[in-house]
Amino acid sequence: STVTYPELGCTDVLCCVIFVIVILGYIALGAVAWMHGDPRKVVYPTDSYGQFCGQQGTPNANKAILFYFNILHCANPAVLINLQCPTTQLCVSKCPDRFATYLDMQYNYSRNRSYWEYYRQFCKPGFDNPKKSVAQVLRDEDCPSMLVPSRPFLQRCFPDFITRNGTLTVANKTDFKDGLGKTRSVVDLRDAANGIASLLDAKEVGTKIFEDYASSWYWILIGLVITMVISLLFILLLRFTAGVLLWCVIFGVIAAVGYGIWHCYWEYVTLRGKPNADVTISDIGFQTDFRVYLQLSQTWLIFMISLAVIEAVIIMMLIFLRRRVRIAIALLKEGSKAVSYIMSTLFYPIITFLLLALCIAYWAVTAIFLASSGDAVYKVMSTQPNCKYTNITCNPETFSQSNVSQVCPGSQCTFAFYGGESVYHRYIFVLQLCNLLVFLWLVNFIIALGQCTLAGAFASYYWALKKPADIPACPLAASFSRALRYHTGSLAFGALILSIVQFFRIVLEYLDHKLKGAHNAFVRFLLCCMKCCFWCLERFIKFMNRNAYIMIAIYGKNFCASARDAFFLLMRNVVRVAVLDKVTDFLLFLGKLLISGSVGVLAFFFFTRKIPVIQEEVPSLNYYWVPLLTVIFGSYLVAHGFFNVYAMCVDTLFLCFCEDLERNDGSASKPYYMPAGLHKILKRSDQPAKKYSGS
């Protein structure tokens, strides 16, 4: 007969009630954000009058690009993107494609009116007086003093920089007239829009990467399917050939890394004598074509040293843990039996993935709507550093009648951001923090639900005296309903503790990012220590939560009691814990590495057209490393999804084994539930420890 599930009853009811209330509050927060927010404020750029560029059904429907009257007033790209540039910003249908000044336009207007027709599209809507004096036009901000050839980027007009023979130019010119009687250098434009050239290069690279994905997505998908099939076969084969297969994995990884070291050494020796191969990576900087780095001897030296360190670590671990590898193999073999009897567990990660995707989508949408809540707020922007009215809230309709423009000549009442003075708008930042905390709580709850569900299914396998006859029907579904019905509070409690620690870690990372320019060494040191402590705390809580959820699945107790029982059980079996937590994880990691590496090698030969049979099928690519890295990273994630179920199985079986040893003695009245082979190996592993403790 099987061991019955003890005293089914709801645990941590108070935390369950709080969790449900928080979820309802989170839904309410999303609804309020939906009512007050407007994603168009994030999607569309906004002009100086708070109007969206490119929004359908408005006068700006065909004007999707933001134009800056005088880009020289803008200090850097971040200022431009945040709309904090002290110059008038206008929605236009296209960017200027030539140099022009208002003075030149007035001079040529009497002979050819087309000059004005072109210039007026960059002036304020409704302005149609080309004979108005330049001083008055610039005072009233009716038109820009100059036009610079530009192209749109991030829906904003930026100067069209081109480097020719090492010289920065705009439309093949190195200087231009600023419309105020001065000749300026193109370098001034570059300083005003510092970094835009690199951003435009990044956009071009991004476009090429998108093209590569569009032409190779089919083959990337095939690579991930191959990974899934190999992972599934690997786990099934472990049941029958665990020892042989795992030793093959170990020596296969050692041989593969060894070959990598030899190949890197051969490439390094070959390139060392060639001209231009001794250039360092720092000298050539970042290059989008990775093949450039492969022509440098230093690249292969770095690869060789890295692989040598990895090889040394693997060999050292095998030497020190050689006695434990056999025990780990026995555990993995038993785990593969459990998985083969409950095959549905391999596909449970799909449910976790869908729930996590739903949470992430809801959090992102809520964050966007919160960020876009409120009305347009206008601030005084001045080019003068000593203007006392800078950043003061203003009204654009009455700004011209105020004395601000007299005290601070050239100042503008410009749109700054979206906000308000109501209680809701004042606490937007607090609501964003609440959105983040609840998001972390939900994510950790979903992960906890998955761990408890899998633990319950595998525990039902272990506690079946006659396997597989005594395994209950639909163990995964039964475990899922049990965890959700009776233990939502306990899972939410554990998830909340972990979420609070992660929340503080994120806050510390944010503070560290803000203080990067600070010169206070003590504050930076203190922050670094706190980050390290919270990282260690998070790792410990994750480990304890995982084992607590297993005990919840076995006994049905509340979170604190389960965490306490798990902790003392692990402490009483600390030597065995080292076996499980280190050796089995290490072997599973090697398995993931071998699978993703094998698929990666296959993808490399495919995308570099080195497989003659299917050479014609390879799509034309800008960068072959784009689909290659995607396949390698995706393959590792797919293998990780399968092996994570496997690791949960081994952890559950291990705790069940420890409980089995303490509760039973192998007699007819108290028989062991573990297989005889596993008991023999694990008991034998304890003998050296017992001899040592008795001496």
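# Questions on a predicted model

Colleague: Which residues line the largest cavity?

Modeller: A cavity is a set of points on a 1 Å grid over the protein atoms alone where a 1.4 Å probe fits but cannot get out, and lining residues have an atom within 4 Å of a point. By that rule the lining consists of Phe 67, Tyr 68, Phe 69, Asn 70, Ile 71, Met 146, Leu 147, Val 148, Ser 150, Cys 157 and Pro 159.

Colleague: What kind of model is this?

Modeller: Residues are numbered from 1 along each chain as its sequence is written, and side-chain values use heavy atoms, with hydrogens and water left out. Local features need pLDDT of at least 70 and side-chain atom pairs count only at pLDDT 80 or more, while totals for chains, interfaces and linings use all residues, as the model is predicted.

Colleague: How much space lies in the largest cavity?

Modeller: The structure holds two cavities of 30 Å³ or more. A volume is the space filled by probe spheres set on the grid points, which are joined across faces, edges and corners. For the largest cavity this gives about 110 Å³.

Colleague: How many charged residues are in the lining of the largest cavity?

Modeller: Ala, Val, Leu, Ile, Met, Phe, Trp, Tyr, Cys and Pro count as nonpolar, Asp, Glu, Lys and Arg as charged, and the others, Gly among them, as polar. The lining has nine nonpolar and two polar residues, and the number of charged ones is none.

Colleague: Which strands each supply at least two residues of that lining?

Modeller: Strands (E, at least two residues) and helices (H or I, at least four) are DSSP runs, numbered from the N terminus. The strands that meet the condition are β1 (65–68), β4 (146–147) and β6 (156–159).

Colleague: Which residue in β2 is the bridge partner of Tyr 68?

Modeller: Strands pair if DSSP finds at least two bridges between them. β1 and β2 run antiparallel and are joined by four bridges. The partner of Tyr 68 in β2 is Gln 89.

Colleague: Are the residues on the two faces of strand β2 buried or exposed?

Modeller: Buried means under 20% relative accessible area, exposed over 50%, and partly exposed in between (1.4 Å probe, protein chains only). Gln 89 and Cys 91 lie on one side of β2, Leu 90 and Val 92 on the other, and all of them are buried.

Colleague: Which residue in the turn between β5 and β6 has a positive phi?

Modeller: Four bridges join β5 (residues 150–153) to the antiparallel strand β6, and Phe 153 stands opposite Arg 156 in β6. The two strands form a hairpin with two residues between them. A positive phi of about 55° belongs to Leu 154.

Colleague: What is the relative accessibility of Cys 474?

Modeller: Cys 474 sits in the loop between α15 (428–462) and α16 (475–486). Its phi is positive, about 45°, although Cys 474 is not a glycine. Most residues other than glycine have a negative phi. Cys 474 counts as exposed because its relative accessibility is 58%.

Colleague: Which residues are in contact with Val 404, leaving aside its neighbours within four places in sequence?

Modeller: Val 404 lies in helix α13 (residues 404–407) and counts as buried because its relative accessible area is 9%. Contact means heavy atoms within 4.5 Å. With those neighbours left aside, Val 404 is in contact with Val 380, Tyr 389, Phe 399 and Ser 411.

Key. 1 Å grid on protein atoms, 1.4 Å probe; cavity = no way out; pocket = protein on both sides within 12 Å on 5 of 7 lines; lining within 4 Å.
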